[in-house]
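Below are my notes on the model you sent.

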Amino acid sequence: MVSGTLFHCRKNSWPPQEYIPKNTLQLFDFDSAAPPEQAWRRKLNSNANLLKEFSITFREAIKMVRLGVRLWSYVRQEASHGRKAPIDPFTRGICKPSASQGVPLGGMGSGSISRGFRGEFRQWQIIPGVCDGSPVMANQFSIFISRDGGSKNYASVLAPGQHEGLGKAGDQGISSWGWNLGGQHSTYHALFPRAWTVYDGEPDPELKISCRQISPFIPHNYRDSSLPTAVFVYTLVNTGKERAKVSLLFTWANSIGGTSHLSGDHVNEPFIGEDGVSGVLLHHKTAKGSPPVTFGIAACETQNVSVSVLPSFGLSEGSTVTAKEMWDKMVQDGQFDHENFNSGPCMSSSPGETLCAAVSATAWVEPHGKCTVAFGLSWSSPKVKFLKGSSYPRRYTKFYGTSERAAQDLVHDALTNYKRWEEEIENWQNPILKDENLPEWYKFTLFNELYFLVAGGTVWIDSPSPETNIKKNQSQLINGEYLDNKATEPKVNGKQGGVVEDATGCHRSAILDLQKHYEDAGRFLYLEGVEYIMWNTYDVHFYASFALLELFPKIELNIQRDFAKAVLSEDGRKVKFLAEGNWGIRKVRGAVPHDLGTHDPWNEMNAYNIHDTSKWKDLNPKFVLQVYRDFAATGDMSFGVDVWPAVRAAMVYMEQFDRDNDGLIENDGFPDQTYDAWTVHGVSAYCGCLWLAALQAAAAMAIQLGDKNFAEWCKTKYLKAKPAFEEKLWNGSYFNYDSGSSSNSKSIQADQLAGQWYTASSGLPSLFDDVKIQSALQKIYDFNVMKVKGGRMGAVNGMHPDGRVDESCMQSREIWTGVTYGVAATMILAGKEKEAFTTAEGIFIAGWSEEGYGYGFQTPEGWTMDGHFRSLIYMRPLSIWSMQWALSMPKAILEAPKANIMDRIHISSISSRSSHSETGVRKIATKAKCFNNSVFNCAC
């Protein structure tokens with residue numbers, strides 16, 4: 001744990017008393033209505049400044065001109081087939097990014113909707129890989145207040161700002177509504193997966209309002225965390241002397257973002273459900289053959305709260321009921337006619353017509369009294385369909401079925417279960433929030449960075465059997481456009497002691513084992529970023545995976561199982577690589593894929609086509625390191641059995657890159673790793689350190705699985721590689737960037753100890769002596785961190801030893817948020833806690849704080865020295881959870897034997913031989929169960 005001497009940071013970064021008067025906080029001191037002590041906060045009248053995107057230098061542009069031309073051609077080619085290229089720097093959305101984001105809605109993997117801190121619903125990701133950032137302004141909460149005597153009446157949308165059409169004469173749309181909230185007395189408080197908006201006397205000076213937004217993101221709960229639903233709980237406190245009639249209004253457009261509301265054939269219908277839950281279902285017919293979506297909006301009727309609905313209204317003149325008429329009705333009566341519940345489905349909307357619905361909840365609040373009103377939102381799109389044809393049932397359908405009526409059941413269960421959700425969320429978060437040894441900014445930023453697991457384009461499916469998928473895929477390949485280049489997998493896995501596979505390359509017993517795991521937790525995808533549309537990008541998952549391992553370990557293990565299967569597969573379809581213009585095959589057997597694909601994930605991998613990633617030097621070691629960390633942390637022997645053949649294959653594959661037989665892999669003079677614009681020559685600190693760590697991890701796993709020969713093979717390599725690595729790169733205070741002779745070969749790379757980071761995180765012995773580790777980390781801290789605006793921006797990727805930023809390419813001069821968190825975790829593991837939190841706080845200051853650049857809930861891959869971003873809403877910053885992992889590692893890792901793993905391996909007289917041919921595990925480690933009925937031939 002953290003020592004008690006950490007507080008170089010402010011103890012209370014943003015105490016709520018700085019935003020809300022103490023007496024108002026006291027009024028909300030019940031039923032979780034008051035915002036928490038630790039939260040990300042904004043006033044609703046804060047400016048949502050436009051964000052500034054990075055630009056490349058003239059020199060960089062010259063270097064990349066050929067790549068740019070090929071990429072432009074590829075983007076156009078994909079567009080001609082109705083597809084979006086996974087990387088498209090040429091097309092920009094209509095809505096320019098701004099500092100306006102807030103906590104997203106819903107659980108994981110069922111489509112997401114984000115909500116800005118000022119209340120707008122935006123960042124629509126219902127269709128996989130499609131993100132529309134524009135807010136749908138008809139989606140609002142509004143309030144109508146009248147008091148006994150009728151002398152005081154208020155009506156306002158509960159969002160600040162001037163709507164663009166406001167005051168337009170004769171307007172029948174939403175600009176006719178009362179946009180009267182200034183926002184100067186209203187505040188937003190975010191602690192993912194919840195958020196609080198407090199209206200302190202706005203619009204009625206004598207009514208205090210708290211809106212609590214709750215989503216079912218609950219660690220280790222693999223059911224509720226998949227649900228596409230959210231709850232908004234309004235707490236009303238009347239500080240006046242007269243009784244107040246308060247009506248809250250929830251309006252929703254039949255839209256999935258963008259211009260989808262204009263496509264026509266949409267239908268709304270009211271419903272009355274059980275337990276007082278009533279509302280409207282909005283059936284949305286999507287374009288381009290995408291599966292339909294049904295929204296449910298509802299409120300919960302209680303003894304003091306009555307619910308009414310308006311199933312349909314429009315935004316233009318000519319609608320049966322216009323938005324203006326709806327608003328006027330609420331101003332006059334505070335509710336809709338109860339007969340509306342009997343109206344049945346409305347007429348289908350016409351193209352160009354916007355169809356909306358409204359739910360009203362009305363309550364009387366006595367003088368100095370309190371009242372609670374709860375609204376729910378759900379969206380049900382039971383099938384997820386990818387552009388090249390594959391479709392799957394979403395995870396939540398395992399519990400709710402595929403009927404369009406599931407939206408009603410979802411919103412009902414949300415309104416009846418949210419208190420239990422909150423209890424589980426608080427039980428998870430409180431130990432960290434109440435840890436006085438942790439800086440305040442870290443506590444809420446740790447949770448808020450998890451927004452990406454909802455808003456990062458996640459897809460969570462309830463998978464059919466892998467065997468069924470394989471047959472289906474083969475049929476598609478035979479009958480589709482890839483007739484002559486179908487994906488293939490080897491039929492025989494090795495020679496001596498090998499296991500013969502079926503024609504698909506899958507062991508039948510392994511299929512059954514995998515099916516059991518998929519049924520237990522499903523299969524999970526998340527994007528590299530909303531601008532880099534590739535699923536489960538593996539070199540980035542290396543950083544982000546700590547969050548999933550900590551919170552949803554079954555999902556993490558299944559992701560690794562997916563990649564293990566991919567390692568042993570081959571896809572011979574030809575691909576043009578855009579950086580050099582050369583051709584190769586899509587997937588090489590033994591190589592870890594860069595990603596699981598874009599338009600047909602699992603079946604068509606490696607959507608990334610800038611470089612040939614089968615020649616990258618970091619992917620295979622990263623696979624081995626993640627697998628071992630997960631194996632060690634969970635103690636899941638069946639997982640180790642499932643993935644071990646792939647671990648061996650991944651390690652053996654890397655032998656080809658040891659060209660001088662020193663045990664080390666060499667880079668090939670192009671950007672052949674996650675820094676895919678930063679060229680590497682010879683041995684590199686980053687890839688070389690990963691390789692050393694992978695050798696140690698593979699050896700440790702081999703010992704535990706009883707594969708003695710492979711453990712010896714790893715040790716032989718390691719004993720040669722480690723001294724060679726230190727001789728070629730250690731310069732007395734840090735490891736040089738690479739062993740080449742380029743102008744940046746002696747640069748200080750922030751990420752040079754990535755292998756040591758994983759080694760320490762997995763309970764393995766250090767790769768280097770403590771003097772070297774401490775010296776390198778101190779050098780990174782002094783140069784990459786503190787020489788960049790006094791440590792207030794994070795760690796720059798590359799720094800020359802004379803204190804100049806390495807500007808050899810755009811990535812060397814960038815500050816990568818996720819890498820900075822990973823460096824901080826490495827520092828914690830090395831006992832440098834103060835330096836660790838100062839390093840990570842730079843990301844908070846630049847990205848999340850009020851004095852920063854406005855990247856809250858959209859943390860980018862990185863930013864330049866002047867704060868210009870590259871790639872918003874990015875996966876890698878989830879690595880902040882590696883810091884928490886370092887602070888509280890699981891018992892299995894903490895209690896692991898501390899003896900050097902290599903000392904436990906005795907090299908036999910035949911150790912110089914490669915053990916490639918022996919793929920069966922011959923003897924299981926002590927206390928491990930027999931691998932009977934497994935992928936291995938057990939001979940114990």
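1. Helices (H or I, at least four residues) and strands (E, at least two) are taken as DSSP runs, numbered from the N terminus. Helix H3 (residues 65-80) contains leucine 67. This is a predicted model, in which local features need pLDDT of at least 70 and side-chain atom pairs count only at pLDDT 80 or more, while totals for chains, interfaces and linings use all residues. Residues are numbered from 1 along each chain as its sequence is written, and side-chain values use heavy atoms, with hydrogens and water left out.

2. Leucine 67 has a relative accessible area of 18%, so it counts as buried (under 20%; exposed is over 50%, partly exposed in between; 1.4 Å probe, protein chains only). Its C-alpha atom is 5.0 Å from that of alanine 579, 512 residues apart along the chain. Beyond residues up to four places away in sequence, leucine 67 touches Leu578, Ala579 and Ile610, contact being heavy atoms within 4.5 Å.

3. A nonpolar core is a set of buried Ala, Val, Leu, Ile, Met, Phe, Trp, Tyr and Cys residues joined through side-chain atoms within 4.5 Å. The largest has 294 residues, and Phe375, Leu450, Phe623 and Trp881 have the most contacts inside it. Helix H15 (residues 685-705) gives the most to this core, 17 residues.

4. Neighbours within four places in sequence aside, tryptophan 881 is in contact with residues including Trp428, Leu450, Phe546 and Glu550.
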